[in-house]
Amino acid sequence: MKLPAALAASVAAATMMLAGAAAAKDFRLGLITPPNHIWTQAAENFGTDLSDATDGAHSVTVFPAQQLGSEAEMMQQLQTGALDMAFLTVAEVSNRVPDFGAFYAPYMAQDIAHAGRILQSDLALRMLEDLPAKAGVVGIGYGMAGLRQIVSKGEVTSAADLEGKKLRITPFKPILDFYNLLGAAPTPMPLPAVYDALANGQVNAIDMDAELIWKLKYFEQADTVVVSNHMMFPMVGLVSAKVWQGLSEEERATITELMKKRLDECIATYIVKDREWLDQVRGTDTAFIDVGPEFFGDVPAQWDEIWSEQSSVLSEMRDTAAASAE
């Protein structure tokens, strides 16, 4: 039986509305940083942007502070499609795609602004193209935290004072290799456990950025802050490749545009704020020493020797960094 034209049009419109309602989704986005961290705020802002851009059809619920597990666990959830999105350290990605370890080359970035230029280079963006096949995720773009510093119990005047110290690190191989070469005792530890571990002597020092040294008051448990700026600490915005396959081209374009905007904003924020946070810590009673590559002796060169065999892009990234230096 043939439907009248007006009725057929109504049925078609209703079908489209139902399809749209079925496609509407509350995406889940996980990260390890606390609620007041710049990464978490960027994720929240992205969620607001996406809801506004889709008139509420899509939304994002952000799960900070490892609520969904460690970064390794969240990466597994992304690969299976159990988690939609995440802002993860590039170090976690390097566990699955070793080329990304090149971002941690010691003293590749002259300063925080130079780190931002490296992360927005053609090489860095090209590396994201490998992620769907090699890691089961789609890389949207990069954010970052500040350059790495060292917070230590006890006086530090040379690298020798760090030898044997139990030093908390983010649990990834590029950072582990750096501190093993230095002769410290690198101790992987999740972020929420760091303050108490430093306070009770479970660790004697930590590798950390200025934001968290200030905001989480790690300086209260320290005698010396070594301002070394020895390593970048990039973040990458990811979408599950399985989730990505189920999105329309328009949805992919909207997510890419809005997430990339907030990731770029994250980089711009750190370029301004990193020095401010360090200056605030300098205003406390904690002792400071400012050091450069010479403080670490042959360690940066030895790190490059190890990682030139693990990351095929290390040399090219050093060249990219040199080309964007000022």
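A salt bridge is taken here as a side-chain nitrogen of Lys or Arg within 4 Å of a carboxyl oxygen of Asp or Glu. By that criterion the structure, which is a predicted model, holds 16 salt bridges.

Lys 173, at 38% relative accessibility, counts as partly exposed.

Helix α10, residues 210–215, contains Lys 215 and Glu 211, which are likewise four residues apart and so separated by about one helical turn. Lys 215 forms a salt bridge with Glu 211, and the closest N and O atoms lie 2.9 Å apart. Glu 211 is buried, with a relative accessible area of 0%, whereas Lys 215 is partly exposed at 26% relative accessibility.

A further salt bridge joins the side chains of Asp 290 and Arg 282, at 2.6 Å from N to O. Asp 290 has a relative accessible area of 53% and is therefore exposed, since the exposed class begins over 50%. Arg 282 is partly exposed, with a relative accessible area of 30%. Beyond such pairs, salt bridges that share partners link Asp 49, Lys 261, Arg 262 and Glu 265 into one network.

Methods:
Residues are numbered from 1 along each chain as its sequence is written. This is a predicted model: local features need pLDDT of at least 70, side-chain atom pairs count only at pLDDT 80 or more; totals for chains, interfaces and linings use all residues. Side-chain values use heavy atoms; hydrogens and water are left out. Buried means under 20% relative accessible area, exposed over 50%, partly exposed in between (1.4 Å probe, protein chains only). Helices (H or I, at least four residues) and strands (E, at least two) are DSSP runs, numbered from the N terminus.
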